[in-house]
2 protein chains.
Amino acid sequence: MTVHFKQVTIVGVGLIGGSLGMILKRDGLADHVVGVGRTIENLELAIKLGAIDRYEQDPERAMPGTDLVILATPVESYASHLKKWGGLLAEGTIVSDVGSVKGPLVEQSESLLPAGVHFVGAHPIAGKETSGVGVACLDLYQNALCLLTPTTNTNPEALYKIQQIWEAVGSTVRSIDPFLHDWVLGAVSHLPHVAAFSLMNALSDLQEQTKGDTNLLDFSGGGLRDTTRIAASSPEMWRDIFLWNRDNLIPMIEAFEQHLGRMKTYIKEHDGSGIEHEIAKARDARQRLK
Amino acid sequence: MTVHFKQVTIVGVGLIGGSLGMILKRDGLADHVVGVGRTIENLELAIKLGAIDRYEQDPERAMPGTDLVILATPVESYASHLKKWGGLLAEGTIVSDVGSVKGPLVEQSESLLPAGVHFVGAHPIAGKETSGVGVACLDLYQNALCLLTPTTNTNPEALYKIQQIWEAVGSTVRSIDPFLHDWVLGAVSHLPHVAAFSLMNALSDLQEQTKGDTNLLDFSGGGLRDTTRIAASSPEMWRDIFLWNRDNLIPMIEAFEQHLGRMKTYIKEHDGSGIEHEIAKARDARQRLK
């Protein structure tokens, strides 16, 4: 039997929440999909695009009858959301999320929900460099990896249902400890975002220092485009991710700074074999990524 | 009348030199294309792939009859090449290159050639993350930008012929001062390469620090793949580029370090609006790149 919900309420109907809503509706995985959000225009667009059936701005109207809530807002807002409507949920309701940080956030979320309401941390590794329900699509989770982060408190049935729903929308599901999740994603996602944002900002400074009316970006090839693609991501979302994964991210940025500094020293000291060694190591590591 | 050469000799038959040879041969832009290189296997492969007609390891046999030499080796080797065979070239021969640095290298190359042999600096902004003649292809320069870097010493007819040849292989040609070239490419290409190499090496360190048998790269999405694609580039080639563009690159790495450090401080101090401001600036700059 496939998984099925009576009412899924999606809080934060952007790219991630909106795409999920679209697929749930298309595949009949929920009888009703309700959107909760801040701006009416966005919610109207979500209806037009088939991501939700109706929307509510007042949780008192959105939550009754819900058997699954998907939190898809920037992670810093979880606490205020859960405090606002956690108490409105019926016993047995599952609250899950799509956030890019997990460890302390899962602990916090579990502690803010009443007994009998089940929190299951989830993180579909999917996205685009653009955000908003306007770019939501039906194949966003196709062949994507979705990480679930159960704890000793997680209700096994709720966990299984969340696994089933992500598998139903086309993802491969894998469970991982919430704190290990943050370490791993810090390395493969959050640090590269810090690098891309900083590189783009450095280029803006260099543009200002460029003589005459030369536009640096007129001379860029595909390399720069690829390297900085993720720099176009949402400021609000990434601000929260960086803050919530601060304890992992700071030493990771420092590891990166160390390698940058090493390369700079080799170049300064005209140490060709040092440079070549660093590049060869990087190339070998990159080739394993393919 | 289209441009035409009797014999083009390509020194360094890799991705860049090999692709050029293939197109010259296919389009009849040269009667003969001769390859000069270090390893016989590579030169044999170049013949098999149609990148050259024949090869020579001895410049004494390669250079007579040549009216265009294309230097396509790592830039540090230019001087030893020009010293070895510059004197063998007939008056009126053009020597051009495909190197990613220009300023001091063009000065050096001009000074090493005998009077009557014309140097024209060229830099086709094209490439792949892999190297070698095995990945050479006929459409590498299609719609690419090719930068020419004439100086007050450049022979106008030679410059015009080099312009014509790059236009004939499908590129858009633009002239730029050789020193401005190095500033611009330092920013849009060399710095992003430093960043990608350092990021990949930081990830290797973080992998070593990862507990258990978790493989970080199992959890990476398209973001990491894009951000580090250029980290798979040739160590030898990039070593030389970094060294020859050292004076631009060091302050550029420092501009990057400054933004990284700023982001780190904001994260450390839990300064959400500082983080958000940095990201928003980066996103706006990135969106202008599209």
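Trainee: In this predicted model, which residues of α1(B) are buried?

Mentor: The buried residues of α1(B) are L15(B), I16(B), G17(B), G18(B), S19(B), L20(B), G21(B), M22(B), I23(B) and L24(B).

Trainee: What makes a residue of this kind buried?

Mentor: A residue counts as buried because 20 or more other C-beta atoms lie within 10 Å of its own. In α1(B), 10 of the 12 residues are buried, and the helix is mostly covered.

Trainee: What covers the buried residues of α1(B)?

Mentor: The cover includes β1 (5-11), β2 (30-36), α2 (40-48), β4 (68-71) and β7 (122-125) of chain B.

Trainee: How do you know that the length of helix α1 of chain B agrees with its 12 residues?

Mentor: Residues 15-26 should span 16 Å at 1.5 Å a residue, and the end C-alpha atoms are 16 Å apart, so the two agree. After α1(B) comes G28(B), with a positive phi near 65°.

Trainee: How do helix α10 of chain A and helix α10 of chain B pack?

Mentor: Both helices comprise residues 246-268; their axes are 10 Å apart, at an angle of about 165°.

Trainee: Why is α10(A) called roughly antiparallel to α10(B)?

Mentor: Angles over 145 degrees count as roughly antiparallel, and the angle here is about 165°; therefore α10(A) is roughly antiparallel to α10(B). The crossing of α10(A) past α10(B) is left-handed.

Trainee: Which residues make the contact?

Mentor: Among them are L249(A), I253(A) and E257(A) of α10(A), and L249(B), I253(B) and E257(B) of α10(B). The residues of this contact comprise 10 nonpolar, no polar and eight charged.

Note on methods. Residues are numbered from 1 along each chain as its sequence is written. Chains are lettered from A and ligands numbered from 1 in the order in which they are written. This is a predicted model: local features need pLDDT of at least 70, side-chain atom pairs count only at pLDDT 80 or more; totals for chains, interfaces and linings use all residues. Axes are lines fitted to C-alpha atoms, for helices over the stretch in contact, and angles run from 0 to 180 degrees between N-to-C directions. Helices (H or I, at least four residues) and strands (E, at least two) are DSSP runs, numbered from the N terminus. Angles under 35 degrees count as roughly parallel, over 145 as roughly antiparallel, 65 to 115 as roughly perpendicular and the rest as oblique. A crossing is left-handed if the near helix is turned anticlockwise from the far one by less than a right angle, and right-handed if clockwise. Two residues are in contact if their C-beta atoms, placed from the backbone, lie within 7 Å. Ala, Val, Leu, Ile, Met, Phe, Trp, Tyr, Cys and Pro count as nonpolar, Asp, Glu, Lys and Arg as charged, and the others, Gly among them, as polar. The expected span of a helix is 1.5 Å times one less than its number of residues.
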